Amino acid sequence: MRIITHTCSNCKTVIAGNVLEAKRVMECPGVECETVIRFDDLQVEDKEYFIKNKQDYEIN
Amino acid sequence: MKAIILAGGTGSRLRPITHTGPKQLIPVANKPVLEYAIEDLKNVEIREIGIVLGNSGCDEIQNLIGNGEEYGVDITYILQGNPLGLAHAVGCARDFVDGEDFVMYLGDNILKTGICDLVESFRNNTYGAGIAIQKVENPHRFGIVEVDSDGNIIELIEKPSDPATNLALIGIYVFSPVVFDAIDRLEPSSRGELEITDAIQYILDDGYKIDTHIVTGWWKDTGKPEDILEANRLILDDKNLEINGHIEDGAETYGRIELADSSIIEGGAVVRGPVSIAKHTTIKAGAYVGPYTSIGPNSVLRNTHIENSVVIGDSTITASGRIVDSLIGRHTNIKSSTNHLPEGRRLIVGERSHLKL
């Protein structure tokens, strides 16, 4: 199972793919960081893999 | 060397306390559990720490810990979101770890002896991973290690129904970056999680040495109310307790007491240590605070007798009865019902509360 994350370029906070997918667009949750992060920021290959295997990233 | 602290989880066994905050922030001897982990990591000269957050409690943890400056560490946050397993949490930290060795510390653990021996052993040798283990009475609840007669690990099994040993992984690990190669090969277990025991098994199968360190001092996983009370007892037994507050004439104090500088034990009150009393708290006349009790900040106690308990803070307790073995959440008001008719106890109790009346 691929672990997909995105790292904020401003504050280095790491956000898992399941968080990005659930929110789609979010302000970076890093302390005092206002960078806007999108699910679309993931690499195309990661995004497609995540959508294809979405059930693996959900809580049972 | 870096570190990651896992601070997710729902804290379901600590409800209703965890309805309003993460379990890692419940205070033990008036210090949030998470701060004990940070302290242990600082003691082994680790300053770069990633805190892995789940779906809840993120704001509370970030508000307390911030960027780590107040603790003398550099904190990076890692949002795992859904609880997809310990190995998934580690995998999310890959960019943060950036090729270094790292400690993984479960954020609801407290150890008496810290992690110096485990970390030093790992630093002085070439291991794929290092694990802290301890004999437990309920091995089916833990990841279990099977060892040969020389103490070498043969197999790791997550929560086995029929455990071969009682040697449990207690939630403190040291990893070299090879763990990420192992995690890449994992598939979700029957409970839908990426298991860290499976990742360590891969490391072992790949021919790397695993360092095992048996923790001899006490260790507590503070996942249940009784665990919090026991951890509180253990910490109060060990902690250097100082009186910086004011003890009025006529107050009776015995044993070791921690009294914060802005707190008062008034005349007519009795405090028998070991006890910890946090800032801006007043123990008024008629109150008895007995051994192994921690009273959090901004609280007032009058008339009540309380022992072997944790009052998290911002609370007023003036009922004249005896309170024992209790974990009392923030902003709680416990008054006497004497002279109120009809006679009886008046309760406003949160969801999943536990009362013995």
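Over the ring of which residue does the charged end of Lys2(B) sit, and how far is that charged end from the ring centre?

A: The model discussed here is predicted. In it, the charged end of Lys2(B) is placed over the ring of Phe96(B), at 5.0 Å from the centre of that ring.

A pair of aromatic rings is described by the distance of the centres and the angle of the planes. Over all chains, the count comes to seven aromatic pairs. One of them joins Phe102(B) to Phe175(B), with 5.7 Å from centre to centre and 45 degrees between the planes, and this pair is classed as tilted. The two residues belong to distant parts of the chain: Phe102(B) lies in strand E6 (residues 102–106) of chain B, Phe175(B) lies in strand E11 (residues 167–175) of chain B, and 73 residues separate them. Phe102(B) and Phe175(B) are both buried.

Phe102(B) has a further partner in Phe180(B). The centres of these two rings are 5.7 Å apart and their planes meet at 25 degrees; because planes under 30 degrees apart count as stacked, the pair of Phe102(B) and Phe180(B) is a stacked one. This pair, too, links distant parts of the chain, from Phe102(B) in strand E6 of chain B to Phe180(B) in helix H6 (residues 178–184) of chain B, 78 residues apart. Phe102(B) has a relative accessible area of 0% and is therefore buried. Phe180(B), at 4% relative accessibility, likewise counts as buried. Together with Tyr173(B), the residues Phe102(B), Phe175(B) and Phe180(B) make up one aromatic cluster.

A surface feature of chain B may be set beside this cluster. Leu347(B), Val349(B), Leu355(B) and Leu357(B) form a nonpolar patch on the surface, and their accessible area together is about 390 Å².

His6(A) is part of strand E1 (residues 5–7) of chain A. With a relative accessible area of 17%, His6(A) is buried. Apart from neighbours within four places in sequence, His6(A) is in contact with Thr13(A), Val14(A), Ile15(A), Leu20(A), Ile37(A), Asp41(A) and Leu42(A).

Key: Residues are numbered from 1 along each chain as its sequence is written. Chains are lettered from A and ligands numbered from 1 in the order in which they are written. This is a predicted model: local features need pLDDT of at least 70, side-chain atom pairs count only at pLDDT 80 or more; totals for chains, interfaces and linings use all residues. Side-chain values use heavy atoms; hydrogens and water are left out. Patches are made of residues with over 30% relative accessible area and no salt bridge: like charges are joined within 9 Å, nonpolar side chains (Val, Leu, Ile, Met, Phe, Trp, Tyr) within 5 Å. Accessible areas come from the Shrake-Rupley method with a 1.4 Å probe; for residues, only the protein chains shown count as cover. A salt bridge is a side-chain nitrogen of Lys or Arg within 4 Å of a carboxyl oxygen of Asp or Glu. Helices (H or I, at least four residues) and strands (E, at least two) are DSSP runs, numbered from the N terminus. Buried means under 20% relative accessible area, exposed over 50%, partly exposed in between (1.4 Å probe, protein chains only). Contact means heavy atoms within 4.5 Å. Rings of Phe, Tyr and Trp (its six-membered ring) pair if their centres lie within 6.5 Å; planes under 30 degrees apart count as stacked, over 60 as edge-to-face and the rest as tilted. A charge sits over a ring if NZ of Lys or CZ of Arg is within 6 Å of the ring centre and within 35 degrees of the ring normal.
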